[in-house]
Amino acid sequence: MASAFISFSLLFISLWTADGFLNYAVNRCVFNSTELKDIEYIYSAYFNKVELARFSSSLDKFVGYTEYGMKNAESWNNNPSVLAQRRGEKERYCHHNIGNWYNNIVSKSAMPYVRLRSVTPPGGKHVAMLVCSVFDFYPKHIKVFWLRDGQEVTSDVTSTDELADADWYYQIHSHLEYTPRSGEKISCVVEHASLKQPLVTDWDPSMPESERNKIAIGASGLILGLILSLAGFIYYKTKARGRILVPTN
């Protein structure tokens, strides 16, 4: 499987405040590998949330975004020591930290788990729809596809993008519309960097999920009823033993 394309930013923020005004700078490292050539260092100067000027290692110079920022950018671009400092940050600051990220975070992976279920399809020519939901995987890149009697399904399949869960994990959902055939085998297949081999989940069409839920609820109710009946019987027998019969004339 092709390696996942990864892009991250490392941020370092410096703040200066005076009399209610906020002046700060942000250092960013944007990268998709640990190679120095694949890293972009960006330094941005802000005032009250407005970006005044920016240095980018890709442009190798400062660019101003306001009148004041353009004046500063011109001054900095004409100062060899300032330019040398910013150029050196790509290797000193970014390259070192990105290596730590790859070793401790980015190179890790989390195995997905799959939930396969049947749903009612929207109006159309098909009478059934399966949804293959894949949860809690990392990194982001993943392949989800369907097999029908061993052959990959290439039509009537729709999938969401990889959806971020905001905790480094992702989820994705693939839908298959189909007309059931007797004796067929339908499977959802997942390929991911965390898996040594594809994860195959077979659909069991013997009973719709709604029917399985009804049976499970009914069985739970029956067991609960039996427990309550047994408890009532034990209570009755216990009370009966403690009763004293008084003869009547």
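User: What makes a stretch of residues a strand, such as S7 or S8 around Pro139?

Analyst: A strand is a DSSP run of E with at least two residues, numbered from the N terminus. In this predicted model, S7 covers 128–137 and S8 covers 142–148. Pro139 sits in the loop between strand S7 and strand S8.

User: What is the peptide bond from Tyr138 to Pro139 called, cis or trans?

Analyst: That bond is cis, with omega near 5°. Most peptide bonds are trans.

User: Why is Lys49 called exposed?

Analyst: Exposed means over 50% relative accessible area. Lys49 has 72%, so Lys49 counts as exposed. Its place is in the loop between strand S3 (39–47) and strand S4 (50–56). Lys49 also has a positive phi of about 70°, although it is not a glycine.

User: Why does Ala166 count as exposed?

Analyst: The cut-off is over 50%. Ala166 has 80% relative accessibility, so Ala166 is exposed. Ala166 lies in the loop between strand S11 (163–164) and strand S12 (170–178). Phi of Ala166 is positive, near 70°. Most residues other than glycine have a negative phi.

User: How do you know that S13 and S14 pair?

Analyst: Pairing needs at least two bridges. Four bridges join strand S13 (residues 186–192) to S14, so the two strands pair. They run antiparallel. In one of these strands, S14, Leu199 is the bridge partner of Val190.

Note on methods
Residues are numbered from 1 along each chain as its sequence is written. This is a predicted model: local features need pLDDT of at least 70, side-chain atom pairs count only at pLDDT 80 or more; totals for chains, interfaces and linings use all residues. Side-chain values use heavy atoms; hydrogens and water are left out. Buried means under 20% relative accessible area, exposed over 50%, partly exposed in between (1.4 Å probe, protein chains only).
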